[in-house]
Amino acid sequence: MTRIESIYTLAMRLPRDHAAARGTAGSPTNLTGDGRYRWSTAYPVLYSVDFETAIVVVRLSDGRVGYGEAQAPLAPEVACAIVEHVLKPALEGEAFDGSVARIGRLWDRMYATMRVRGHSGGFMLDAMSGVDIALWDLAGKIAGQPVCSLLAAAPKRAVPVYLSGTSGTTPAERAAFAERFHDEGIDLVKLYYESDWADLLAIADALPAGMHFAVDALWHLPPADAIAMARDLDARNCRWLECPLYPEDVAAHAELAAAITTPLAVGESYRTLREMQPFFGIANILQPDLGRCGITGTLAIAQACGGPIVPHVSIAMGPQIAAAIHVAAALENCPLCEFNPNVLATANSFLAEPIVREGPAYRVPTGPGLGIEWSDRFDAI
């Protein structure tokens with residue numbers, strides 16, 4: 001009987017040009033201070049000046065290897081330590097046949113390790129998600145099929161994308177950045193709100209004809225002004241308003257949603273169906289992050305909500321991005337997937353074969369499992 005033989009992790013930290021990445025995933029605002037982790041100038045959140053993530057590797061007794069990834073934009077060592085010290089002892093030696101049922105039981109086993117201690121979210125679930133993605137990668141390899149084919153009888157071959165963020169120092173430069181991708185067929189761009197609402201509206205108004213926009217407010221619309229600001233988006237037919245207020249404040253989100261026509265989108269701050277459920281009926285679009293919810297958790301959310309699912313993809317390497325694409329390809333209620341040019345380029349620089357975006361869509365990997373293999377550059381780390 002095949003068993004889980006070993007689990008190990010890698011905390012990745014890659015230098016990047018933060019100024020060039022500003023306005024895009026994982027780098028939406030100016031930073032202040034010194035050191036690796038610095039405060040946003042727009043709202044009280046720390047960001048890393050580096051590209052950080054946590055890779056999980058699961059090896060079976062038959063020699064097969066699966067790769068996963070935990071969303072870890074700060075302190076990837078924490079998620080790695082949870083895998084190494086809590087999840088690894090609970091899973092090594094366990095039988096694994098690659099079935100969906102078995103993955104579900106192992107998810108429950110991981111969750112149970114710390115359930116009564118209050119560790120039902122945060123870094124604990126990030127670590128579990130990294131292991132979960134690796135198990136799904138192995139399930140596909142055992143079956144000789146891509147993950148999306150384990151999830152759906154007729155998955156999509158391509159997944160439409162939206163452009164996440166714009167680079168540039170002025171509204172005109174940022175609109176021009178978006179226009180380059182509109183020329184390739186992408187008709188939706190997400191704009192990040194830092195501190196100047198007029199600038200954000202100026203970018204939206206300068207977009208090329210036929211290009212639509214969404215807004216990520218980064219959790220910091222002023223509560224007293226949120227409805228008035230969102231009505232500026234109503235007037236411009238904004239596709240969605242993402243993360244408008246502090247993620248803990250369900251009531252304020254409900255009040256905002258009732259007062260405007262722009263759909264609300266939330267999800268990246270939550271890791272489980274239970275955390276997401278309070279927003280059912282308030283947020284029109286849910287955005288689970290595969291590096292925080294895993295494939296198993298994302299499927300539970302998608303099946304329960306009934307509405308649109310648009311996976312959140314921020315700082316991520318190949319396993320996270322591929323997992324999001326496979327889930328999007330399998331779910332009927334998933335119309336889009338997030339695309340950040342800098343993030344995809346970084347991830348692809350460590351893959352033997354790149355994850356491909358062709359014009360307005362990701363090409364769904366067709367190899368077994370996640371369909372990715374690391375390059376020599378990754379092996380050298």
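Start with the open sheet: three strands, ordered β2-β3-β4, with antiparallel pairing. The model is predicted.

Select β2 (31-32) and β4 (46-48). Both stand at the edges, and each has a single partner strand, so one side of each has no neighbour in the sheet.

Three bridges join β3 to β4, and the two run antiparallel. Show the side chains of Trp-39 and Leu-46: Trp-39 stands opposite Leu-46, which lies in β4.

Next, turn to the aromatic rings. The model holds 10 aromatic pairs. Pick Tyr-43 and Tyr-47. Their ring centres are 6.4 Å apart and their planes meet at 85 degrees; an angle over 60 counts as edge-to-face, so this pair is edge-to-face. Are these two residues buried or exposed? Tyr-43 is buried, with a relative accessible area of 5%. Tyr-47 is buried too, at 11% relative accessibility.

Move to Tyr-270 and Phe-279. Here the ring centres lie 5.0 Å apart and the planes stand at 35 degrees, so the pair is tilted. Colour both by accessibility. Tyr-270 counts as buried at 8%, and Phe-279 counts as buried at 2%.

Then select Phe-177, Phe-181, Phe-339 and Tyr-362 together. These four residues form one aromatic cluster.

Last stop: Phe-350 and Arg-377. What sits over the ring of Phe-350? The charged end of Arg-377 does, 4.0 Å from the ring centre.

How values were computed. Residues are numbered from 1 along each chain as its sequence is written. This is a predicted model: local features need pLDDT of at least 70, side-chain atom pairs count only at pLDDT 80 or more; totals for chains, interfaces and linings use all residues. Side-chain values use heavy atoms; hydrogens and water are left out. Rings of Phe, Tyr and Trp (its six-membered ring) pair if their centres lie within 6.5 Å; planes under 30 degrees apart count as stacked, over 60 as edge-to-face and the rest as tilted. Buried means under 20% relative accessible area, exposed over 50%, partly exposed in between (1.4 Å probe, protein chains only). A charge sits over a ring if NZ of Lys or CZ of Arg is within 6 Å of the ring centre and within 35 degrees of the ring normal. Two strands pair if DSSP finds at least two bridges between them. Helices (H or I, at least four residues) and strands (E, at least two) are DSSP runs, numbered from the N terminus.
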